[in-house]
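Here is a friendly briefing to read with the model open beside you.

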Amino acid sequence: MAESGTVKGKTGLVVEGGGTKIAYTGGVLQCFLEQGIDIPYCVGISAGAMMLLPYVSRQPGRLRITGVDAASQKGLIGLKPIMREGSLFALEQTARFIQEKAPLDYETFFASPTQLDIGIYDMETRKTMYYGKEYVDDSDDLLIASCSLLLLSKPKQFDGRTVIDAGLTDMIPVDQALKAGCDKLIVVSTKEEGYKRKKAPWWQLMGARMVYHDKQITDDFRRRHEHYEQQWQTVHDLEAQGRALVLRPHQDYGITRYTTDREKLDAWFKLGYAETLERLPQIRAFLADDPEDDRKEAE
């Protein structure tokens, strides 16, 4: 695995997953593209990583296709994808759908100075690993692996590793962005203010033990809600220092990670766009402010 490059002193864009709730993220990123907001480093988890591809390739139309059209496909969730792909979500079907409707502009994608990291969980080392955009190709293997949820999808093979969705440990990949050298972060969440991740119920933990026969994986699953709270605490600490800006839904449309209703997802996408547009002055001020200058003035 190639090591991610560093962007010391730069702003990073951290994108949460969330199943079909990432339609909101699509609206946020469309607004970014239309307004010329270029973030030099991006990192995404699960479906959030899928939304970052068209941001890096500068394809706003692909954002809507990914967040609304692909997410409202017939047969996206349920028995058919379980029978065909071994997954509750039709991940392979979705990747094909997006590529057919809006092929990734690989030339622009790879030529872009924007760095991109995508997280996956290695089931052998029991660690979350990040791969750069040079690992993205027309097989979509990295994207499909990154969305293969624990218990809901069969593990995938990637780069000689058996992997699943990195959301098992890194739902908000803020630490990876800091590790990459970012001084400031814009965090895009699909969860409303005050959201609390619940503990995994006993029957899910029992299922993890029976399926994976691995104590560490089961423990990571048991502590997932703790990891989530810790990651948000890091974000809140950065906010208090003026080093983080959070974009998240401020209205409740009743959208879940399993919503496939096209009208609801379209409204969710538009909400992401509208709320981002409304906060544009704040976003531009945040991007223009250099925390190093602030620290020097305080000394």
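Helix α2 is followed by Arg58, whose phi is positive, near 60 degrees. Helices here are DSSP runs of H or I with at least four residues, strands are runs of E with at least two, and both are numbered from the N terminus. This is a predicted model, in which local features need pLDDT of at least 70, side-chain atom pairs count only at pLDDT 80 or more, and totals for chains, interfaces and linings use all residues. Residues are numbered from 1 along each chain as its sequence is written, and side-chain values use heavy atoms, with hydrogens and water left out.

- Buried means under 20% relative accessible area, exposed means over 50%, and partly exposed is in between (1.4 Å probe, protein chains only).
- Among the buried residues of α2 are Met50, Met51, Leu52, Leu53 and Tyr55.
- Thr25 is in contact with Met51, and also with Val15, Val188 and Thr190, leaving aside its neighbours within four places in sequence. Contact means heavy atoms within 4.5 Å.
- Thr25 sits in helix α1 (residues 23-34) and counts as buried, at 0% relative accessibility.
- Thr25 and Phe97 are 72 residues apart along the chain, and their C-alpha atoms are separated by 19 Å.

**Salt bridges**

- The structure holds 14 salt bridges. A salt bridge is a side-chain nitrogen of Lys or Arg within 4 Å of a carboxyl oxygen of Asp or Glu.
- One of them pairs Lys21 with Glu192, and the closest N and O atoms are 3.6 Å apart.
- Lys21 lies in the loop between β1 (10-15) and α1, and Glu192 in the loop between β7 (182-188) and α9 (202-212), so this pair ties together parts that are 171 residues apart in sequence.
- Are Lys21 and Glu192 buried or exposed? Both are buried.
- Arg64 forms a salt bridge with Asp266, with 2.3 Å between the closest N and O atoms.
- That pair links distant parts of the chain, as Arg64 is in helix α3 (residues 60-69) and Asp266 is in helix α12 (residues 262-278), 202 residues apart.
- Arg64 is partly exposed at 26% relative accessible area, whereas Asp266 counts as buried at 18%.
- Asp266 also meets Lys270 in a salt bridge (3.1 Å, N to O).
- Both Lys270 and Asp266 lie in α12, four residues apart, about one turn of the helix. An α-helix has 3.6 residues a turn, so residues three or four places apart point the same way.
- Lys270 is partly exposed, with a relative accessible area of 48%. Salt bridges that share partners join Arg64, Asp266 and Lys270 into one network.

**Charged patches on the surface**

- Which residues gather in a patch of positive charge on the surface? They are Lys74, Lys80, Arg84 and Arg96.
- Patches are made of residues with over 30% relative accessible area and no salt bridge; like charges are joined within 9 Å, and nonpolar side chains (Val, Leu, Ile, Met, Phe, Trp, Tyr) within 5 Å.
- Lys and Arg count as positive and Asp and Glu as negative, while His and the chain ends are not counted. The place of a charge is taken as NZ of Lys, CZ of Arg, CG of Asp or CD of Glu.
- Accessible areas come from the Shrake-Rupley method with a 1.4 Å probe, and for residues only the protein chains shown count as cover.
- Arg96 belongs to helix α5 (residues 91-101) and is partly exposed, with a relative accessible area of 47%.
- Glu92, Asp137, Asp138 and Asp141 gather in a patch of negative charge on the surface.
- Asp138 is found in the loop between β4 (127-132) and α7 (141-146), where Asp138 is exposed, with a relative accessible area of 62%.

**Positive phi values in loops**

- Arg126 is not a glycine, although its phi is positive, about 60 degrees.
- The loop between β3 (115-122) and β4 holds Arg126, which is partly exposed at 36% relative accessible area.
- Asp159, another residue other than glycine, has a positive phi near 55 degrees.
- Asp159 is placed in the loop between β5 (156-158) and β6 (161-165) and is partly exposed, with a relative accessible area of 38%.
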